[in-house]
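Good morning, everyone, and thank you for making time for this. Please bring up the sequence and the model on your screens, and we will go through a few places in turn.

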Amino acid sequence: MSTRVYLFTAILLIFSCKPETGNQFSISSPNGSITLSLNLEAGKPTYSVMVDGVPLIRPSALGYQLRGIPDLVGPFSVRQKAENEIEETWSPVWGQEKQIYSHSNQLKVELVENRSPNRSMNLFFRVFDDGIGFRYEIPDQEGLDSLFISSELTEFNFAENANCWWIPADYNSYEKVYTRSLLGDLLDSLHTPLTMETPKGHFISIHEANLTNYPSMTLKPSADDSLKLICDLVPWPDGDKVKAQVPMLSPWRTIMIGSDARDLLASRLILNLNEPNRLDDVSWIKPMKYIGIWWGLHIGKETWVQGEHHGATTENTKRYIDFAAENSIQGVLVEGWNHDWERYGQDRAFKFTQPYDDFDIAEITRYAKLKHVSLIGHHETGGEAPYYDEQLEDAFAFCRKYGISAVKTGYARTSIEPIGETHHGQWMVQHYRRVVEMAAKYKVALNVHEPVKPTGLSRTWPHMMSREGARGMEWNAWSEGNPPSHTCILPFTRLLAGPLDYTPGIFDLEFNQFKPDNRVHTTLAKQLALMVVIYSPLQMAADLIENYEGQPAFQFVRDLNIDWDETRYLKAEIGEQVAIARRHGEEWFLGAITNEKERDLRLPLDEILDSVMVAECYTDAGNTNWESNPYPMLIKSYLASPSDTLRVKMAPGGGLAIRFRPLHAHKDKFPSITDLRRDQFVQNL
Ligand code: NOJ
Ligand code: CA
């Protein structure tokens, strides 16, 4: 097992108490900055949160509304409580760093109803220095077997109004542009992560961890208190929210807390609230850069359906394999390789063991192996998850047989047919997990599109590598597109939950030959920057390979590594600008992006460098602008020393990418990085 876990659990205190009422219990984070209190006012449980002595969350309800039996809301007494400290350092199979530290204080409170039927419910609270997690347990008990939860009553009752970045709670999609508004002005239910900035300078993100056999949590504004949000679980078609068997353990409700937006980016709270890796052998799980027969399908150059312009032909796939092999790209995705794309939307479409006859899978997989390139398969279900379930074993056995090491799955439809479920309800959470388990059995990694949101399960199932669950690049191909600010919000919202297959790296930003009315709303330099900023262990260079031929900027993609020893967050303003540096071995890769505003970015290099390095810079030129002049780029190498401050212009909708590599020789060949900004403008002359 490559994940080494060091776990020190110190049981500090176990109290056995006689049932009592009116109790308050508090627990603080290891550094004492965050305190959570559980109150049982007249036996009704509420929790509240203070940060540095300032109230962040006012008393907020806990409990369950149940169908057919009395609600689990109290009055309760405390049967027993226990506190313990959990400290561990663990090594993810892949990630933004090689080691993750987790330190929290846990409070477990066992509640029992004061009156018949005297049912019990346990609450777990874990308080970290970067936030809180809490969950419910309905333990094994006499007379309680099945539970039909009609509402989880968890509240988040904020102490102050705050800025919120949010997307609406569409039960079938997270593919939305974010809105920024005040908490007190919210009218719609929202998806999580919901990210907030309070007037007192706290940054908060509400989400959940370890979503297992339970529906996704959305948040709805309370009708009677404008600063209160209430958990609103995605329902089954019959209105139940959760159909559970006792014992039942809920996902963790999570509140990330920081005093700087960078604290949110650095938090590993969600992963730390998940179970350790369950796979013995992880040697087959490999982070990859990949290209694919994909963007051409979205811009209309090629088709998924077999025919004159079919993308997934043997010949075209070999062309992609050749390009990958020649350009340090490890994977090739192929969409449209299987029957029945012409029947999309009809019953029992898509066969996952039947290639179209112009896709010679035996020959293609033989060729890929010869070239040391991994083929990434594609299982588009068209939202017919039950039909996929029927084929699941065969589908993954087929991948294994042909050496297909990863699969992208898809559920592109506005509901799950034919059963009328939604993408984010409990049935689909169970379905997605069945796929994870089957993929593990056949040693195939996953990249899930139209998924349920990530909740840190990749710690437990590290082959669950990436997913969509956001408005990705594809929207630029066939809609009004993603505004320049979109990718400056994603790191602080969706990406806090886990890796995102955004599919950056488009070089022909306008693709006028195919879709003159659509385009990508960035500069070219920002496309490179996104490959660093948007973390994914499966990172796509998404453009047609012919658009990379002869492009000096593609050298950055060739050189880019995507499995990181450490990550540092240098600049973080939600929706405005982000700069992230990631280290692999001796090399650092820096990506910085801005929204539609031009920026004069300054970064002291002692935040990342220990010694003089060569900085290979890919920046917007002085006159670059995403709207009118997106391509000009300055590509030049400099000497960068820790005492230098990087000063660089980011164009409107622009960004920059830098590879810092060790200086082995030819020290005097390069100018100083302090000349970079001037050179951006010289380039215009
Ligand atoms: C939607 C996915 O997000 C996209 O990447 C894929 O190409 C299409 N569905 C077709 O499966
Ligand atoms: Ca999609």
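Predicted model: local features only at pLDDT ≥ 70, side-chain atom pairs only at ≥ 80, totals over all residues.

Let me begin with Asn 338, which counts as buried because its relative accessibility is 0%, and the cut-off for that word is under 20%. Asn 338 belongs to the loop between β24, residues 331–334, and α5, residues 361–370. If you now look for Ala 82, which is 256 residues away from Asn 338 along the chain, you will find that the C-alpha atoms of the two are separated by 55 Å.

Staying in that loop between β24 and α5, we also come to Phe 350. Its phi is near 70°, a positive value in a residue other than glycine, and with a relative accessibility of 1% Phe 350 counts as buried. Ser 328 has a positive phi as well, of about 55°, although it is not a glycine, and you can find Ser 328 in the loop between α4, residues 314–326, and β24. Is Ser 328 buried or partly exposed? At 41% relative accessibility, Ser 328 counts as partly exposed.

Let us turn to the ligand. Which residues come nearest to ligand 1? Of the 13 residues around ligand 1, the nearest are His 298, Glu 335, Glu 380, Lys 408 and His 449. The shell around the ligand divides into 4 nonpolar, 3 polar and 6 charged residues. For His 298, a polar side-chain atom lies 2.8 Å from an oxygen atom of ligand 1, while for Glu 380 the distance from a side-chain N or O atom to an oxygen atom of the ligand is 2.5 Å. In Glu 450, a side-chain N or O atom is 3.1 Å from an oxygen atom of ligand 1. Taken alone, the ligand exposes 290 Å², and the protein buries 94% of that. The space that ligand 1 takes up is the largest pocket.

Next, the cis peptide bonds. One of them joins Thr 192 and Pro 193, with omega at about -5°, and Pro 193 is placed in the loop between β15 and β16. Another joins Val 246 and Pro 247, where omega is about 5°, and Pro 247 lies in the loop between β20 and β21.

Finally, please find helix α11, residues 524–533, which is largely enclosed by the rest of the structure, because 10 of its 10 residues are buried. Among them are Lys 526 and Gln 527, as well as Leu 528 and Val 533.

Terms used. Residues numbered from 1 in each chain as written. Chains lettered and ligands numbered in written order. Heavy atoms only, no water. Near = heavy atom within 4 Å. Polar contact = N/O pair within 3.5 Å; in protein donor to acceptor, adjacent residues only side chain to side chain. Areas by Shrake-Rupley, 256 points an atom, 1.4 Å probe, with all protein chains shown as cover. 1 Å grid on protein atoms, 1.4 Å probe; cavity = no way out; pocket = protein on both sides within 12 Å on 5 of 7 lines; lining within 4 Å. Sits in = over half its atoms within 2 Å of the grid points. Nonpolar A, V, L, I, M, F, W, Y, C, P; charged D, E, K, R; others polar. Buried < 20%, exposed > 50% of the residue type's maximum accessible area, 1.4 Å probe, protein only. Helix = DSSP H or I, 4+ residues; strand = E, 2+ residues; numbered from the N terminus.
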